[in-house]
Amino acid sequence: MSITLPSGLSPDAPVIAPHVTLTSVSEEVSSRVLIDRAPLWWWVGFGISFALLIVLVVQMAWLFINGIGVWGVDIPVAWGFAIAEYVWWIALASGGTIVSALFFLTRSPWRSATNRIAESMLLSAAPCAGLMPIMHLGRPGLFYWLFPYSNVMGVWPQPRSPLWWDFICLICYIIMSVFYYYTGILPDLATVRDLAQTKRKRILYGILALGWRGSAAEWQNQRVVYAIMSAIMAPMVVSVHSVVGLDFAAGLTPGWHDTQFSPYFYFGAIVSGTAVIVMLTILVRWGYNLQDVLTEYHFNAMAKLILVGSLMLMYAYVWESFGPMYGSGVAEKTEYYQRIFGFTSPAFWAEKVLTVVIPQLLWFPFVRRNQLLLLLICSGIIVGMWQERYVFVISSLAHNYMPSSWGVFYPTFWDWAALAGTIGLFLTLFFLFLRFAPIVSIAEVREIIEQEKSK
Amino acid sequence: MAIFTPRANLFMNAALIGAVLLGACLLLAIRVVPVIGYNTQERFAPEQPIPFSHKHHVSGLGLDCRYCHTKVETSSSAGMPSTAICMTCHSQVWRNAAMLAPDRQSLAENIPLRWNRVYTLPDYVFFDHSIHIAKGVGCTECHGPIGDMDLTWKARTLYMSWCLSCHRDPAPHLRPRDQVTTPDWRRTPSTPSGEALMADYHVHTENLSDCGVCHR
């Protein structure tokens with residue numbers, strides 16, 4: 001049985017506005033990069049992001065000088081914002097790969113204009129994710145011990161440690177994502193190079209384009225490599241995010257020790273990652289005047305993805321409560337009771353409302369196409385997802401097996417500074433992508449235009 | 001005019017090869033730099049207030065290690081000899097040697113001599129001499145040919161990998177307990193095997209390389 005969601009769009013609704021031509025899309029998208037002065041909104045956005053990035057630098061300096069005692073983490077809640085936000089950021093990044101790689105494999109037409117936004121988002125979010133565990137280390141300067149390098153200690157990294165799983169996953173994921181992004185953007189860089197007016201830009205984009213001439217053989221190779229990388233990336237992101245789930249599932253802590261957390265986290269990644277892509281797409285669409293290329297078709301498709309993701313997440317939430325109820329563990333039951341009625345309860349209930357209840361509005365076609373509503377729903381999802389990670393990490397540690405060792409967690413100013421700072425890092429990187437790289441895949445949009453013509 | 005001539009390929013290839021070579025050099029450096037003598041300070045003899053010669057006192061005169069390092073069997077530190085120990089002999093021999101002036105001054109002022117450390121371990125490593133002596137690890141296993149040293153020099157890297165090489169496989173480094181302080185001891189056909197000594201001294205390797213053995 002299949003369910004068709006009425007979109008309100010006609011069945012042959014154009015993915016791209018009909019008057020967009022092969023030439024105009026190249027010129028439009030390239031001109032955003034080649035423009036001599038960035039628009040005012042870019043400078044405002046970049047300025048705010050950069051100010052937040054400075055908050056991160058100050059926060060890290062203060063943290064590294066004084067140690068993680070400046071945060072609210074303590075015994076029993078030894079994992080605080082840093083770990084919750086690590087999961088949160090990696091979920092956002094994973095969402096980018098899901099949109100970009102998985103929907104490349106399914107040949108979804110809406111993916112072609114949004115994939116670059118998704119990949120830029122993921123490359124901006126992944127460093128934030130990577131920074132969190134490093135900041136969380138007691139001796140952050142020694143994080144390189146996680147590399148299996150030839151050392152004089154005579155020991156290798158402990159492969160049974162979740163810290164090492166995280167490290168291996170993240171490093172593989174970031175390296176693969178960089179190559180994936182670069183493989184995809186190569187023809188676009190050549191387009192930008194060819195349209196560049198100044199010598200400096202020609203040299204810069206000429207070097208980046210690696211001598212791409214657009215011959216049939218080059219296209220053939222590029223498409224094959226890209227398809228293979230997509231086929232690797234799509235399952236890889238599942239395993240990367242599953243390992244993040246295993247970090248918790250492998251711990252003998254009530255509320256964490258459950259086999260469902262790998263898919264649970266993955267569902268969260270679909271929802272929150274797509275939500276942030278929708279928000280950024282709206283930003284790019286209005287900021288760069290790309291209403292013809294990023295159409296209602298795209299928002300409709302991504303909103304459906306969010307809806308599906310939030311339904312899957314709802315399923316995971318049901319199991320989250322079913323597990324403790326069905327099982328015989330007193331600690332599991334107590335922890336879950338504390339989670340939903342204890343000091344984390346406001347965040348717990350808000351998170352459920354924001355991530356699975358409110359997104360149900362997306363059943364309505366007009367909501368899926370209304371950008372203001374999408375913006376509100378998506379920001380709600382991202383905040384809700386942050387709360388979910390927060391509740392998940394804090395509550396279990398606060399209500400472990402020994403009631404005598406229960407505790408609470410109060411974030412300090414520096415906890416919030418770390419959050420604000422990584423948002424600054426994320427946005428700074430994204431604004432740089434926006435300024436210096438074609439934010440819409442020119443080559444793939446041109447392919448879509450050809451397909452539209454032949455319809 | 002074209003910005004990129006065919007020669008641009010040359011630069012690109014050179015850059016790529018250069019990057020690979022740089023990476024290879026870096027890997028090599030990570031492997032090599034820590035083990036060069038300058039960093040390990042192997043065979044390096046620090047300046048001492050008195051140029052004490054183990055060669056003369058141990059191999060020449062036949063003093064036992066424990067005559068001066070009195071606490072080695074009972075304490076984590078081997079113990080440096082007190083001025084009084086030096087004076088058991090040097091109140092009689094070489095009484096006026098200029099070389100021994102700091103020794104006499106120390107005795108007169110009742111301030112211990114300040115020797116310079118040759119073997120430095122970080123504070124997070126808890127090394128215990130007594131347990132090693134008790135389990136039949138000879139002095140020279142770590143201190144090298146101490147009986148032949150004119151000035152005391154560092155004989156081992158003291159890297160953790162070196163510690164672990166023995167903690168993971170102690171048998172070749174064990175000797176009968178009564179031979180622990182013999183500076184020129186050699187294994188003979190009649191010496192019990194390392195495995196036999198391990199069994200004899202209850203040396204169990206299964207937890208000998210646990211973190212907590214050295215880092216508490």
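A crossing of two helices is called left-handed if the near helix is turned anticlockwise from the far one by less than a right angle, and right-handed if it is turned clockwise. The structure described here is a predicted model, in which local features need pLDDT of at least 70, side-chain atom pairs count only at pLDDT 80 or more, and totals for chains, interfaces and linings use all residues. Residues are numbered from 1 along each chain as its sequence is written, while chains are lettered from A and ligands numbered from 1 in the order in which they are written.

In chain A, the axes of helix α8 (residues 261-287) and helix α9 (residues 296-326) come within 8 Å and cross at roughly 155°, where axes are lines fitted to C-alpha atoms over the stretch in contact and angles run from 0 to 180 degrees between N-to-C directions. α8(A) and α9(A) are therefore roughly antiparallel, a term for angles over 145 degrees, whereas under 35 counts as roughly parallel, 65 to 115 as roughly perpendicular and the rest as oblique. The crossing of α8(A) and α9(A) is left-handed. Residues of this contact (C-beta atoms, placed from the backbone, within 7 Å) include Phe267(A) and Val271(A) in α8(A) and Met302(A) and Leu305(A) in α9(A).

A second pair in chain A, helix α3 (residues 81-105) and helix α13 (residues 371-398), has axes that come within 8 Å and cross at roughly 140°, which makes α3(A) oblique to α13(A). Here the crossing is right-handed, and among the residues that meet are Trp88(A) in α3(A) and Arg389(A) in α13(A).

Chain B has 11 helices and zero strands. The radius of gyration of chain B, 25 Å, is well over the 17 Å that the globule rule gives for 216 residues, so chain B is more spread out than a compact globule; this radius is taken over C-alpha atoms, and the rule is 2.2 Å times the number of residues to the power 0.38. In chain B, 10 residues are in contact with nine residues of chain A, and α9(B) gives the most to that side, with four residues.

Technical notes: Contact = placed C-beta atoms within 7 Å. Helix = DSSP H or I, 4+ residues; strand = E, 2+ residues; numbered from the N terminus.
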